[in-house]
Amino acid sequence: MNLMDYDFLRKLLKERSGLDLSADKQYLVESRLIPLARKAGMPGIAELVQKMKSGAETLTSEVVEAMTTNETFFFRDKIPFDHLRETALPTLLKARANRRSLRIWSAACSTGQEPYSIAMCLKEKAQELAGWRIEIVATDLSQDVLEKAKSGIYSQFEVQRGLPVQLLVKYFTQIGEHWQISPEIRGMVQHRQLNLLQDFSHLGKFDVIFCRNVLIYFDQDTKTGIFGRLARALEPDGMLLLGAAETVVGISDAFRPHPDRRGLYLLNQEKKVVQGLGGAVPQRLRVVAAR
Ligand SMILES: C[S@@+](CC[C@H](N)C(=O)[O-])C[C@H]1O[C@@H](n2cnc3c(N)ncnc32)[C@H](O)[C@@H]1O
């Protein structure tokens, strides 16, 4: 691939999906896009780029999707789901006792294992949540992964990754060599296409947001912008869960790490107080707000 084509693709991917490719990732681009070019009847990346430059929008979306990394599995990393069961749910069950509703967002859900893991955690608390309105919203940039997520159908290999066997038996039906998650669990999750680079205020406020293993692909400014908007999408006492290699520290002061739970973040209310004052904050007030 020539350098000009690579630069064009880097710029386009950064604008469209936030993917921040370093200068030495040609091999990655080639390994993902040469098969796509061939499938579209083109010999290679030069022709693919030419076609994209002439305004082939569907092809451009396919290129953006082909460059996303969709790796995921049930109960990935385990700890975030322990935080959900042991910290977020007990706290929110008390806090929402009058309202009796919970909204949870899986913000880069890939093929659906994350939102279905959340749904199974909640289903396991069915007694405590009887009569509650539960909404799990699962979004992703890629339409392909969303289609699979909606189907709820997984291979033997996929259900063997992270899913406890008792949950497999309880919530899945075997269809030939595949397994489909029950309509009841599937019905708990609404799937929608959404690009985290764009405005998502229309989704409303959430009690818990899972935004895991997607921000690692973005540069610092993009992360800061997304954290700011995630903060606005969270209820004041809501909680954010990030991936094991992700943090807000040094990137955004909209959130602060939970004092005891690694990977769990709370809204930085002090920051809100200071911001709420509007304009420049006198030194004296900054000190008060930080106490
Ligand atoms: C590695 S998967 C993470 C899946 C899941 N959250 C987990 O931790 O297992 C990253 C997902 O982010 C999605 N993604 C990438 N860029 C995105 C963007 N700008 N907006 C929304 N989703 C995006 C990809 O399509 C992919 O499915």
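Throughout this note, contact means heavy atoms within 4.5 Å. This is a predicted model, in which local features need pLDDT of at least 70 and side-chain atom pairs count only at pLDDT 80 or more, whereas totals for chains, interfaces and linings use all residues. Residues are numbered from 1 along each chain as its sequence is written, and side-chain values use heavy atoms, with hydrogens and water left out.

1. Glu114. This residue is part of helix α6, residues 113-123; helices are DSSP runs of H or I with at least four residues, strands are runs of E with at least two, and both are numbered from the N terminus. Glu114 has a relative accessibility of 6% and therefore counts as buried (buried means under 20% relative accessible area, exposed over 50%, and partly exposed in between, with a 1.4 Å probe and protein chains only). Leaving aside residues up to four places away in sequence, Glu114 touches Thr72, Phe81, Ser106, Phe210 and Arg212. Its C-alpha atom is separated by 11 Å from that of Asp77, 37 residues apart along the chain.

2. Two positive phi values. Asp77 lies in the loop between α4 (57-66) and α5 (79-95), and its phi is near 70°, a positive value in a residue other than glycine. Arg100, in the loop between α5 and β1 (101-106), likewise has a positive phi, near 50°. Asp77 counts as partly exposed because its relative accessibility is 34%; Arg100 is partly exposed with a relative accessible area of 36%.

3. Leu19. Is Leu19 buried or exposed? At 11% relative accessibility, Leu19 counts as buried, and its place is the loop between α1 and α2 (26-39). Not counting residues up to four places away in sequence, Leu19 touches Leu13, Lys14, Met67, Tyr217 and Phe218. Leu19 and Phe218 are 199 residues apart in sequence, yet their C-alpha atoms are 5.3 Å apart in space.

4. Helices α1 and α3. Helix α1 (residues 3-17) packs with helix α3 (residues 45-53) at an angle of about 50°, and their axes are 10 Å apart. Here axes are lines fitted to C-alpha atoms, for helices over the stretch in contact, and angles run from 0 to 180 degrees between N-to-C directions. The two helices are therefore oblique to each other: angles under 35 degrees count as roughly parallel, over 145 as roughly antiparallel, 65 to 115 as roughly perpendicular and the rest as oblique. From α1, Asp5, Phe8, Leu9 and Leu12 meet Ile45, Ala46, Val49, Met52 and Lys53 of α3.

5. Helices α2 and α4. These pack at an angle of about 145°, with axes 9 Å apart. Arg32, Leu33 and Leu36 of α2 make the contact with Glu62, Val63 and Ala66 of α4.

6. Nonpolar cores. A nonpolar core is a set of buried Ala, Val, Leu, Ile, Met, Phe, Trp, Tyr and Cys residues joined through side-chain atoms within 4.5 Å. The largest has 40 residues, of which Phe74, Leu84, Met120, Leu163 and Phe172 touch the most other members. Apart from that core lies another, of 28 residues, among them Ala108, Cys211, Leu240 and Val248. Met120 touches Phe74, Phe75, Leu163, Leu167, Tyr171, Phe172, Ile181 and Ile185, with residues up to four places away in sequence not counted.
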